[in-house]
Amino acid sequence: MAVTIKDVAARCGLSISTVSKAFNNYADISVETRELVQRAAKEIGYYPNAIARTLKTNRSYNLGVLFQEERGTGLTHAFFAAVLQAFKTECERHGYDITFINHNISWKGMTYLEHCRYRNVDGVCVVCANFYEPEVMALVSSDIPVVTIDHAFANRSCVLSQNREGLQALVEYAASLGHRRIAYAHGEKASVTENRITGYYRGLAACGIEPDPDYLLPSIYGSPEAGVEAVRQLMALPVPPTCIILPDDLAALGALDTAREMGLRVPEDLSIAGYDESHIAQMTRPRLTTVAQDTERMGRQAALYLIERIENPRTAVSETGLIPTRLIKGESVGPVKE
């Protein structure tokens, strides 16, 4: 005989309506009651019917994640994987499942917005995408609750790492060790890149260093080869830099290898810094100087913003979460050679 919600209510000594509210995360149900109901349901083998819950609450308890990483690393990308894991954990804690939003389903021609409607998601987190793409703009402008990570839209909640402050701190740290010729190879056009470039210029200005246009080099994210090319170009200048900041830690790994191939000692002859504090980069020797982003806090905050918008649409407001970064003083940036 199938176990029903009535059995759970009898087990807990509660009314059926209270148990139903507990399963559906109503705000007027205490955490203690919710945990009691969940524990009782588990003990007697009861699982709420997802279809019935959708009909009752008009919510699917399914959240979309738009993650389009163009370099091909996908979920192996250390930074985004950590952010998504934290987002997923917090969503599951509130009873939500995750669906990835993309074009690669059984037929062609479905936009991101159409896929969201097809999957009946309650909301969407845009964590990695071309935020200027018309399809992304259409999704953000729709009536579906949306939260973005590392990009701000008007009237949408977002979570931003303090990239400007992070890059500025890195420049000022290099300058404190005597560096005046500090180069920055930056990633592709994005609000993250724009903020980091601003931080680069602010760091130079704070230390009284006149910027050299040759030291600001366009590059790409997520590529060791980007670091290889950056070092080769910058060290070929008539007056090469003494310190090179790369787009991220992957590029910094390529830069370290190239410096060795060129017979340059790091940091004695050339200082090199990354960004993101990847675990692999911290295993290098010399240990990489970089900037750590709080990926766990970013993912968790994005989930909370999105769920608040879904569950309390009348009172929720668009919020911006600024997550601090942290300078990691490794061994790859050292005093400038006299």
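Colleague: What is the relative accessible area of D269?

Modeller: D269 has a relative accessible area of 25%, so it's partly exposed. As for the terms, buried means under 20% relative accessible area, exposed means over 50%, and partly exposed is in between (1.4 Å probe, protein chains only). By the way, this is a predicted model, where local features need pLDDT of at least 70 and side-chain atom pairs count only at pLDDT 80 or more, while totals for chains, interfaces and linings use all residues. Residues are numbered from 1 along each chain as its sequence is written, and side-chain values use heavy atoms, leaving out hydrogens and water.

Colleague: Which residue forms a salt bridge with D269?

Modeller: A salt bridge is a side-chain nitrogen of Lys or Arg within 4 Å of a carboxyl oxygen of Asp or Glu. Here K337 pairs with D269, with the closest N and O atoms 3.1 Å apart. K337 sits in the segment after β12 (325–328) and D269 in the loop between α11 (249–261) and β9, 68 residues apart. Helices (H or I, at least four residues) and strands (E, at least two) are DSSP runs, numbered from the N terminus. K337 counts as exposed, at 54% relative accessibility. Shared partners join R265, D269 and K337 into one salt-bridge network.

Colleague: How many salt bridges does the structure hold?

Modeller: Eleven. Among them is E92 with K88, at 2.8 Å between the closest N and O atoms. Both lie in helix α5 (residues 78–93), four residues apart, or about one turn of the helix.

Colleague: Are D276 and R196 buried or exposed?

Modeller: Both are buried. Their side chains meet in a salt bridge, 3.9 Å from N to O.
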